[in-house]
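Let's walk through this structure together, one packing arrangement at a time. Keep the model open beside the text as you read.

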Amino acid sequence: CPMHTTRLTPSKEQIALLEHWVAMGAPDPRDEATVEKVRRGNPSDPIAGREHWAFRPLLEESAQAPVVTAGDWPRSPIDAFAMAKLEENNLQPADDADRRTLLRRVYFQIIGLPPTPEQIAAFLGDNQPDAYERTVDQLLNSPQFGQRWGRHWLDLARYADSNGLDENFLFREAWRYRNWVIDAFNSDMPYDRFLTEQIAGDLLPHESVEQRDRQRIASGFLEIGPKVLLGNDPNQRRMDVADEQLDTIGKAVLGQTLGCARCHDHKFDPVPTADYYALAGILTSTSVMEQRYMLGEQRVMEQLIGLGADGDQLDDAYEKYWRSRPKLQKQQERAKSALEFLEKGDLASFETLLAAHAEAIADGAKDSALGVEQRITAQKNFKEALDVAIAKPPEIPPRAMISHDVESPADEAIRLAGQFDRLGDKVPRGFLQVVSDTPVEIPDGQSGRLQLAQWLTDADTGAGRLAARVLANRIWYHMMGRGIVRTVDNFGRSGELPSHPELLDHLASELIASKWSVKSLVRRIALSRTFTMSSRHDDTAYSIDPDNRLLWRAHRRRLEPEALRDAMLSAAGTLQLNSIDSTVSYLGDQATAVGGNENRRRTDFQCRSIYLPVIRNDLPELFAAFDFADPHATTGSRPQTMVATQGLFMLNDTSVMDAAEATARRLLKDSSVAVVDTAGRMDACLNGLFELLLSSQPTEEERQDLQAYIAATEQRLKDRGEPDAEVRAWTIVGQALFASSRFQVLE
């Protein structure tokens with residue numbers, strides 16, 4: 001009946017799909033081979049690209065944990081998803097890790113430090129069923145959580161304390177952003193807010209100056225990257241800076257290689273060049289650099305803005321002084337000459353100088369009606385005032401690397417072949433079409449950064465589902481040692497497929513449901529049985545899945561250089577856990593200079609390693625040897641190598657030897673072992689050494705071998721007349737354990 005006919009209006013997305021289908025030549029959708037062939041003809045097509053797994057809606061299957069045969073094994077939905085994959089492949093999970101191994105693992109993964117002997121004893125003596133859960137909660141609430149997990153984000157944010165590249169100027173205020181990141185993780189700032197403050201913190205409303213400054217400091221994320229400062233056209237620099245920022249946001253937040261679309265449509269992923277420049281327009285409408293006086297001239301440097309209620313005035317006064325300093329020095333020289341002319345009675349020369357440079361002469365000295373002595377006194381006072389002004393520059397005011405919108409934000413033109421001076425069509429500022437077609441409304445006079453930040457985590461009409469997948473995969477990677485998607489920075493077609501797509505979508509859904517709480521997801525993973533498995537080897541499982549992609553055991557993990565160093569200092573009893581500010585304040589404006597660089601960054605601080613200087617092109621030796629993140633680029637997955645130079649470092653570096661000696665002295669001075677006999681004392685020291693370094697006890701064989709070695713070594717050293725022979729013998733053993741795989745690798 002016509003009266004009951006319902007008219008259906010297609011949505012914008014459906015219309016776009018129909019238009020795309022017609023443009024493809026209207027192939028029969030039942031012929032998958034034909035459709036795939038057409039699709040591959042234009043890999044950058046954003047409409048067709050929505051079929052790629054990373055851009056699809058979250059899987060509905062992820063809402064319900066699968067039913068598995070081994071129904072008593074899973075403790076959580078995470079375990080059910082993992083077990084389902086194992087059962088599909090006729091595999092069995094490894095046994096649970098023993099309590100010592102598990103405690104060491106969870107301590108390192110959550111706070112980046114080993115448990116102390118006291119913490120080990122307390123955990124082993126706690127027989128309550130929730131002992132492990134309470135331990136996890138204590139670690140999550142520890143200030144050291146942010147020091148561990150903040151470093152993961154700093155790898156993505158390409159954090160450094162210097163610019164690098166051609167002019168390696170010091171980023172004197174970068175530490176403020178670093179500490180903001182640590183504080184954000186400790187407070188479990190929701191990830192959507194975390195991103196918003198970093199991309200648009202300077203644009204957010206605030207109720208106090210303190211809140212304003214915290215939010216603005218977060219925007220240093222856009223500014224912290226490396227930049228070419230010399231020899232390039234300002235327009236090229238502007239495009240290069242935006243490209244670096246866009247590449248960072250694309251990889252860190254979306255797992256996409258957006259930078260590939262700068263010169264042409266992406267060759268693999270659904271990102272046309274127009275989408276690249278739609279995003280680039282937002283970033284070229286943002287200022288992160290300014291002209292400041294540096295090393296005797298005006299240079300384009302990172303942008304610094306004053307903090308506090310009077311921050312702008314103090315910063316202006318500071319910069320004004322350095323801009324005027326060369327002029328003041330000239331004035332000082334001329335004032336000195338004028339004074340000498342007066343003192344010599346050379347009035348002719350004085351009058352000549354007065355006529356050319358009256359600003360260098362005191363008013364009283366200009367008055368010829370005054371006596372000579374009065375004029376000399378006036379000029380002397382004038383010169384002394386200049387001397388004081390030049391000799392006492394204002395202190396560096398509190399300020400930070402802060403972004404802000406340019407005076408006239410504007411859309412950007414496509415650059416033909418990526419060349420900054422070959423302009424194509426202008427593209428309205430906007431986002432990736434492959435994610436959504438929702439029009440972007442950017443108010444007049446705004447860059448669009450706030451809208452971009454909100455879109456990135458909008459799970460309904462923006463990129464939130466993709467961002468949740470990427471973040472969930474990163475958290476899984478840092479907890480488990482491998483990502484569900486192993487290419488953690490690349491969710492595109494050239495990246496790897498997820499090994500457990502339903503589990504990944506489950507984690508992403510949980511992340512969104514928890515209001516983007518990182519701690520909540522870390523907790524879920526830590527409490528899963530999948531996390532608590534042992535890392536034991538199984539020949540049958542290995543023959544089926546040698547890479548352990550199906551999670552039949554725990555992955556063995558190499559300690560990062562920060563955890564390695566912090567664990568050595570912890571054993572030595574010298575590690576300081578408090579938060580600190582700058583560790584580069586003693587450096588000059590050039591972090592590394594051309595030629596001999598006598599004033600280099602220090603590494604002898606006792607702080608946690610996240611606070612050590614990260615000077616681009618001059619990393620601490622430990623970082624360089626043990627696969628630290630490349631601070632020039634987003635690094636979601638650090639390289640993992642086992643090379644000879646690492647062994648040489650552990651055997652020869654003074655920091656390792658100093659830590660081993662401090663550990664030995666700590667053990668030998670322990671009051672609990674000082675009152676027993678020699679044999680008992682050696683036993684107690686060995687137990688203490690293994691607890692401090694390995695969170696374990698020595699086997700009987702290890703005990704006998706080490707006792708014999710220590711006794712023989714101590715006697716040999718005494719025969720040589722070496723002082724502190726006992727300390728030296730124990731130092732050698734401690735250093736050998738530091739260099740062992742049992743210390744450097746988590747089971």
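**How the helices pack**

Helices α18 and α19 are roughly perpendicular to each other, a label used for angles of 65 to 115 degrees, whereas angles under 35 degrees count as roughly parallel, over 145 as roughly antiparallel and the rest as oblique. Their axes cross at roughly 105° and come within 8 Å, with α18 covering residues 464-480 and α19 residues 501-513. Axes here are lines fitted to C-alpha atoms, for helices over the stretch in contact, and angles run from 0 to 180 degrees between N-to-C directions. Helices themselves are DSSP runs (H or I, at least four residues), as are strands (E, at least two), and both are numbered from the N terminus.

Before going on, please note that this is a predicted model, in which local features need pLDDT of at least 70 and side-chain atom pairs count only at pLDDT 80 or more, while totals for chains, interfaces and linings use all residues. Residues are numbered from 1 along each chain as its sequence is written, and side-chain values use heavy atoms, with hydrogens and water left out.

On the α18 side, G464, A468, R469, L471, A472, N473 and W476 make the contact, and they meet L503, L504, D505, L507, A508, L511 and I512 of α19; contact means heavy atoms within 4.5 Å. By class, the contact of α18 with α19 has 10 nonpolar, two polar and two charged residues. For this count, Ala, Val, Leu, Ile, Met, Phe, Trp, Tyr, Cys and Pro are nonpolar, Asp, Glu, Lys and Arg are charged, and the others, Gly among them, are polar.

Helix α18 has another partner in α11 (234-254). The axes of α11 and α18 are 7 Å apart, at an angle of about 70°, which makes α11 roughly perpendicular to α18. Here K251, A252, V253 and L254 of α11 touch L466, A467, V470 and R474 of α18. Six nonpolar, no polar and two charged residues make up this contact.

What about α17 (residues 449-456)? The buried residues are R449, L450, Q451, L452, A453, W455 and L456. They pack against several elements, including α9, α11, α12 (273-284) and α18.

Now compare a pair with another geometry. Helices α4 (residues 99-111) and α6 (residues 131-140) have axes that come within 10 Å and cross at roughly 20°, and are therefore roughly parallel to each other. Residues of α4 including L103, V106 and I110 meet residues of α6 including Y132, V136 and L139. This contact has 11 nonpolar, one polar and one charged residues.

I110 turns up again in the largest nonpolar core, where I110, W153, M479 and F738 touch the most other members of the 164 residues. A nonpolar core is a set of buried Ala, Val, Leu, Ile, Met, Phe, Trp, Tyr and Cys residues joined through side-chain atoms within 4.5 Å.

Finally, where does P205 lie? P205 is in the loop between α9 (191-200) and α10 (209-218). P205 is exposed, with a relative accessible area of 67%. Leaving aside neighbours within four places in sequence, P205 contacts Q211 and Q215.

Technical notes
Buried means under 20% relative accessible area, exposed over 50%, partly exposed in between (1.4 Å probe, protein chains only).
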